[in-house]
Each structure stands twice: as C-alpha cells, then as structure tokens.
Amino acid sequence: MTVPKFALIENTGAALDKSRAEVVVVGTLQGDKAVTLAPGAEAVDEAFDGTLAELLGTVGATGKAEEVVKLPTLGKLPAAVVLAVGVGKAADDGTVTAEQVRRAAGAAGRALAGTARAVSTLSAVDLQAAVEGTALGAYKFTEYKSEPGDAPVAAVDFVSPAEGAKRAHTATLKAATAIAEAVIIARDLINTPPNDLFPASFAERARKLAEANDLDFEVLDEKQLKRKGFGGILGVGGGSSRPPRLVRVSYKGPKAAKKVALVGKGITFDSGGISIKPAANMDHMTSDMSGAAAVLASVVLAAKLKYPLEVTANIPLAENLPSGTSYRPGDVLSMYGGKTVEVLNTDAEGRLVLADAMVRAAEDDPDYLIETSTLTGAQMVALGNRTAGIMGSDDFRDRVAAIAQATGEGGWPMPLPEELRGDLDSRLADLANVTGHRWGGMLAAGIFLREFVADGLPWAHIDIAGPSFNTGAPWGYTGKGGTGVPVRTIAAVLADIADQG
C-alpha cells in the first residue's frame with residue numbers, strides 16, 4: 001500500500017468551501033466538565049455558529065483519546081460529515097503532545113476508510129504527527145483478500161499550522177510522508193506470509209527497492225556465505241530447503257560526515273528448529289524478520305530524505321526449520337570473524353545470524369552501529385508488548401532510548417550486567433548461545449551480541465519482540481499485524497546524528 005495523496009490548504013472557511021472533501025476531521029479535548037475543540041477547528045466551528053462542541057457533546061462526544069464521533073453537517077459545510085476524534089486531556093498549559101495528535105490522527109485514518117477525500121484540522125496542532133498518524137492509521141494489508149472491503153482514504157488535505165512559513169510546512173509534509181512510506185514498506189514485508197517471503201524473495205524485494213532509490217546492493221548466497229565463513233547464518237538456515245542470504249544495501253549522502261551501520265534480524269520464519277516452539281501462536285513467527293524489514297526501510301528513507309550520512313543496512317536472512325540438515329543443540333558454529341559458539345538451544349537463533357552480520361558491518365569502519373531484532377520473549381515479560389528494550393554502549397544506548405520515546409515508538413534503556421557474562425561460558429567453544437537459566441534472558445542476549453561488537457564502536461541493540469507485531473485490536477495508528485517499529489526511531493536517530501554528529 002502507498003500512503004494517501006496529501007496536500008496543504010489554508011485554515012479558512014473559504015479553503016474549506018473550495019475543498020472537495022466528504023469529511024472534515026476535527027480534534028476534541030477531554031475537559032473536566034465538557035468536551036472542547038482542539039486548536040485548528042475554528043473555521044469549522046464558525047460554520048456551526050460556534051456551537052460545534054456543544055453539538056458534539058449532545059451526541060456523546062467526550063474528547064477521550066481515540067474516541068470517534070460523526071456528526072452530519074446538514075449543509076453548513078460542503079463536506080457531509082464532521083468526524084470528531086478525541087485527543088485526550090491537554091496539559092495544564094493547554095498543550096497536547098505530538099503522540100496524542102498522532103494517535104488521534106490514526107484513529108481518524110481508520111475511520112475514514114471508504115472516503116475519497118477528507119480535510120484534517122489536526123495538522124494545525126502538529127503537522128508531522130497528523131500526517132504520520134493519518135497515513136499509518138489508514139494502512140490496510142489486503143493483498144491476500146478476495147474481498148478487501150473499504151479502501152483506505154484516497155486523499156487528505158491538511159490545514160496549515162498558524163505559525164511558520166509555507167516552505168517549512170511543505171518540507172514537513174514531505175518528510176512526514178516519506179517516514180510513513182518507510183514504515184509501510186516495513187509493514188508490508190512483515191505482513192507478507194512466509195510461503196511468499198523467504199530469504200531469496202526478501203533479497204529480491206530488497207534489490208528492487210535499492211534499484212528504485214539508486215542504492216548500492218549486494219547479496220551473498222549460501223555458496224558465498226560458506227566460502228567467506230558466515231557460520232552463524234549458515235547454521236541457522238541449514239534446515240530449510242530455501243537457503244539463507246546476506247543482503248547489504250548502502251546509501252552515501254551528500255557531504256556524508258558519519259557512517260552508520262544498521263543490522264536487522266531476518267528470520268523469515270522461526271519454528272524454533274530442533275528446539276521446536278509450541279504450536280500455539282507459531283503463526284506469529286512470520287514476523288521474526290521485523291528487524292530486517294525495519295533496517296531496509298530505514299536505508300531507503302535515508303536516501304529519500306538525503307541525509308548527509310553514509311548508511312548501510314546489513315540483513316542476514318534465514319528460515320529456522322527442523323529437518324535432517326538442521327543444526328542441533330550441541331553443535332559448535334564457527335562464526336564470521338573467527339569466534340566459536342556452542343549451540344544449546346536452536347530457538348536462540350537470531351543472535352547467531354546477527355553476530356555474523358554485526359562483525360561484517362564493523363569491517364566498514366562505521367561511527368555507529370544500530371541493530372534491531374525480535375530477539376527474546378523475555379523482552380515482553382520485562383517490558384510488555386509496546387516498549388522495546390534498548391541495550392548497548394551506555395551513552396549511545398541512552399541517546400537512542402530518549403529519541404525512541406520522543407518519537408512515540410517508545411523504548412527503555414536496559415543494563416548489560418557483567419555477572420551474566422559468565423553464564424554464557426561454554427565447555428567447548430568461546431561462548432554458548434544461551435545461559436543455563438531463565439533469568440535476565442533479554443539482557444543475556446544483549447551480552448551475547450556485545451561479544452561481536454568491534455572495540456570502541458558505539459552501538460545500540462533494540463529488542464522489538466513485542467512492539468514489532470500487534471496481535472490485539474487496532475489502537476492509535478497501529479493496526480493488527482506488523483507495526484514497522486522501530487523505523488521512526490531509526491529515522492530520528494539518523495537525523496540526530498546528521499545534525500549533532
């Protein structure tokens with residue numbers, strides 16, 4: 001899916017009159033006594049002689065976050081319907097957060113399904129958040145449905161904020177649209193079923209994206225992986241009839257001052273291998289390549305936004321399946337770069353393919369390394385389904401976590417306790433792929449990955465086991481299935497590095 005067609009209009013009654021919109025979106029705020037209108041709805045309210053909030057309250061609107069209430073305009077506007085969406089409570093100073101706007105816009109985007117054109121006034125509060133939320137809330141993945149239902153809203157006009165120059169607003173609209181498109185690239189990949197998305201077909205999709213965006217592309221097949229010594233990727237992918245790949249997609253921007261390496265876990269389906277998973281919910285393991293999808297989408301986004309950086313996505317791809325050629329508990333793998341790993345559990349496979357890719361990424365001498373993966377169920381036990389665990393070198397970890405929180409994707413900095421390192425000691429190899437206990441599983445996985453980070457390289461590991469895939473009801477701008485987390489975080493980190501170094 002592509003995003004709807006977006007445009008900017010002035011926030012005036014005349015502009016609303018000229019619009020061919022069927023629906024006008026306004027924000028509502030939850031008050032102590034009554035619902036009020038969010039900023040930006042003034043021209044719409046004027047068409048109702050200043051009674052819009054009262055009318056909405058009469059039909060049950062409260063302004064509660066993500067609440068959707070529709071009101072017929074009865075000819076007061078050219079549009080037939082006012083769609084009021086709850087933003088929630090404002091702060092004491094009357095402000096609302098970008099994330100409140102983004103979630104409200106997402107709820108509106110879903111409710112606009114089947115609409116040809118709409119106007120949104122949420123952009124008067126926060127243009128970028130309104131654009132991102134609308135695009136992502138409108139997202140539907142219907143490639144495999146014979147009856148896809150109502151199509152997403154086709155076009156949305158956003159009213160310009162009162163402050164700032166038109167050129168700045170146009171640039172914000174362009175950037176927010178590109179970011180939403182990148183998230184949708186990731187969502188589409190994640191939502192594609194594993195019979196159609198496997199290592200070779202993922203690599204082919206990556207090649208097409210690279211060519212379309214003038215990016216450098218490289219793929220290593222199983223023979224090249226063996227010749228070069230990528231033992232982790234080969235070990236994990238050895239049980240499948242569809243062999244593994246290592247994809248690298250690179251962008252070099254104008255006046256690139258810093259190099260950033262991205263690594264994303266690309267297990268296109270994870271059965272657990274010989275250490276097989278329970279049958280219940282194993283279908284969710286189609287999302288075990290969410291990290292790979294995120295870093296591929298992020299390097300494409302870097303090119304579209306022309307970041308003054310050099311960015312390379314390193315994407316190890318494999319299917320983890322049980323067969324007569326699968327790797328086994330007890331095997332010792334020789335990893336790329338020379339370290340050896342004793343496999344104690346074949347369902348701890350992600351760290352093995354990531355280790356190979358991280359060592360390869362460091363050969364490019366990057367200034368930063370960002371790795372993301374659906375790595376551990378322990379992440380969900382510790383932080384739930386919406387908060388990523390972020391580990392790595394202290395300063396860069398904290399920087400990434402703060403940016404993740406600012407984007408609304410969320411993330412929490414986690415430690416790498418030294419006492420857990422000894423639990424990864426192996427009687428046969430340099431280290432084992434799991435500890436012998438269940439404690440601190442997310443942190444132990446981070447410590448394992450740290451063994452493959454080049455000395456002195458600032459790095460961050462983002463465990464997105466929960467946030468990458470929504471198995472529950474839609475909320476905010478997040479539908480069921482692949483979420484595209486942490487594309488927006490990576491985009492914001494890249495922008496911050498471009499600006500701050």
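Analyst: Let's start with a term: buried means under 20% relative accessible area, exposed over 50%, and partly exposed in between (1.4 Å probe, protein chains only). Keep in mind that this is a predicted model, where local features need pLDDT of at least 70, side-chain atom pairs count only at pLDDT 80 or more, and totals for chains, interfaces and linings use all residues. Residues are numbered from 1 along each chain as its sequence is written, and side-chain values use heavy atoms, leaving out hydrogens and water.

User: Why is Asp270 called buried?

Analyst: Its relative accessibility is 2%, and the cut-off is under 20%, so Asp270 counts as buried.

User: And why does Asp288 count as buried?

Analyst: Asp288 has 3% relative accessibility, so it counts as buried.

User: What makes the link between Asp288 and Lys265 a polar contact?

Analyst: A polar contact is a pair of N or O atoms within 3.5 Å; within protein, one must be able to donate a hydrogen and the other to accept it, and residues adjacent in sequence count only if both atoms are side-chain atoms. The side chains of Asp288 and Lys265 make one at 3.0 Å.

User: How do you know that the "binding site" residues gather at one spot?

Analyst: The unreviewed UniProt entry gives that annotation to Lys265, Asp270, Asp288 and Glu349. They span 85 residues in sequence, yet no two of their C-alpha atoms are more than 11.4 Å apart, so they gather at one spot. UniProt positions follow the numbering used here, with feature names shortened, and annotations may be inferred rather than shown by experiment.
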